[in-house]
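Q: Please take a close look at a single part of this model and describe it in plain terms.

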Amino acid sequence: MGELKSPGAAAEGTSKITIEGGASGTSGFATTKLDALLAWARKWSLFKYPFVTACCGMEFMALTSPRFDGSARFGAEAPRFSPRQSDLLWVVGTISQRQAPVLKRIYEQMMEPKWVLAFGTCASCGGFYDNYTTVPGIDKIIPCDVYVPGCPPRPEAVLDGLILLQDKITKNATGDRRPGIVKPREDPIRDLVKLRRKDKEDNA
Amino acid sequence: MSVRALEALKNRFGDVVVETHSDWGDDTAVVKAESWKEVCRFLRDDPSMAFDMPVDLCAVDFPERSPRFEIVLHLYSVGKRQRLRLKARVGDAEGDDAAIDSVTDVWVGVNWYERETYDLMGIQFKGHPDLRRILMYPEFEGHPLRKDYPANKTQPLVPYRTEEEAGLTLDKQAPFGIDEGMPFGRRTFDERDN
């Protein structure tokens, strides 16, 4: 293993770290506000609590697996299955009336500052369930920061939601906690279908 | 073929068997509710029947009929590879005295089926060892699969946040509102008549 050396100090064999372009042998500095620094640190080190109840759970597993590498690329890789060690609650799947007290208790046990992401249309608004047994959206029970609609949401939409949440965290210093909703992207399959149909017409 | 089983049932019990049919290969017998347990015990113990596996037990609500509920029991004989559907009709128009004998001491496996039927339809099973709710929570009032239960009536365990608290409207968003989609989800039994 090579020792970490600054270019100028290589000859002397010392291990001082300097900022490139700075004076040799001294460390540089940067100025910022403390809350901005904290928000930046929180933004890139989200510890998620996956509250997985239904079919969106498989989408969540696919998202966190190597193909999409979902939240790992944004500093939110490690899940914590204890609410006291996590600051981002992912509500993945349908929440029934019977589960609602559990969800609320877990939210209350989480340490401040904490955020909530509703994964999928069931967690966002109850989805196609419109009956006696399903909570029509987790915002009926706990505050929600980001809604990711879709049944299930595409991985890109979830990543958009995560980036949206990170933007919100940096804006949190100015007190903006309004919920964000991920807008649907253009679905590329439409163009593919058009091409296929055109191809069929040409052959006919 | 369990058509033979139907014939044997009619020969053995006579008037107790109200009607039978074998539409589309589904051999069905409707029996009187008083003899429910007796018929079940015969179907299990008789060597020519040997229905040793209760596949399902549930109930159907017919609000316009006088015996309002129909209890449906699906049976399968593993050895003889034959199926049978057994029905019994209980309950008055209000569904108050809907009760039938429990068959948990004939087949142990129907324990949870009967609890579920009690939970969602409100049918009492006399002699059941542990008749309490299984899917809904104990505080739930009423029986949600009855057709006169309002489709949009929820009984939340935790109080919902108020709109002032949330800072936004808490109505269901389109396309899941009452006017946009899923019309059958919101339709109640009373509305269907009008």
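How many residue pairs are in polar contact between chain B and chain A, counting pairs with both at pLDDT 80 or more? Please also describe the sheet of chain B.

A: The model is predicted. Between chain B and chain A there are six residue pairs in polar contact, with both residues at pLDDT 80 or more. The count of salt bridges between the two chains is zero. On the side of chain B that touches chain A, 19 residues are nonpolar, two are polar and four are charged. In total, 25 residues of chain B contact 23 residues of chain A. The two chains bury about 2,100 Å² between them, and 59% of this area is on carbon and sulfur atoms.

Now to the sheet. Chain B has an open sheet of five strands, in the order β1-β2-β5-β4-β3, and the pairing is mixed. The edges are formed by β1 (17-21) and β3 (53-61) of chain B; each has a single partner strand, so one side of each lacks a neighbour in the sheet. On average, neighbouring strands are turned by 20° against each other, direction ignored.

Two helices of chain B belong to this picture as well. Helix α1 (residues 3-13) packs on the sheet and touches β1, β2 (28-31) and β5 (82-90) of chain B. The direction of α1 makes about 165° with that of β1(B). Helix α2 (residues 36-45) lies across β2, β4 and β5 of chain B, and runs at about 175° to β5(B).

How values were computed: Residues numbered from 1 in each chain as written. Chains lettered and ligands numbered in written order. Predicted model: local features only at pLDDT ≥ 70, side-chain atom pairs only at ≥ 80, totals over all residues. Heavy atoms only, no water. Pairing = 2+ DSSP bridges. Helix = DSSP H or I, 4+ residues; strand = E, 2+ residues; numbered from the N terminus. Axes fitted to C-alpha atoms, helices over the stretch in contact; angles between N-to-C directions. Contact = heavy atoms within 4.5 Å. Buried area = accessible area lost by both parts, 1.4 Å probe. Salt bridge = Lys/Arg side-chain N within 4 Å of Asp/Glu carboxyl O. Polar contact = N/O pair within 3.5 Å; in protein donor to acceptor, adjacent residues only side chain to side chain. Nonpolar A, V, L, I, M, F, W, Y, C, P; charged D, E, K, R; others polar.
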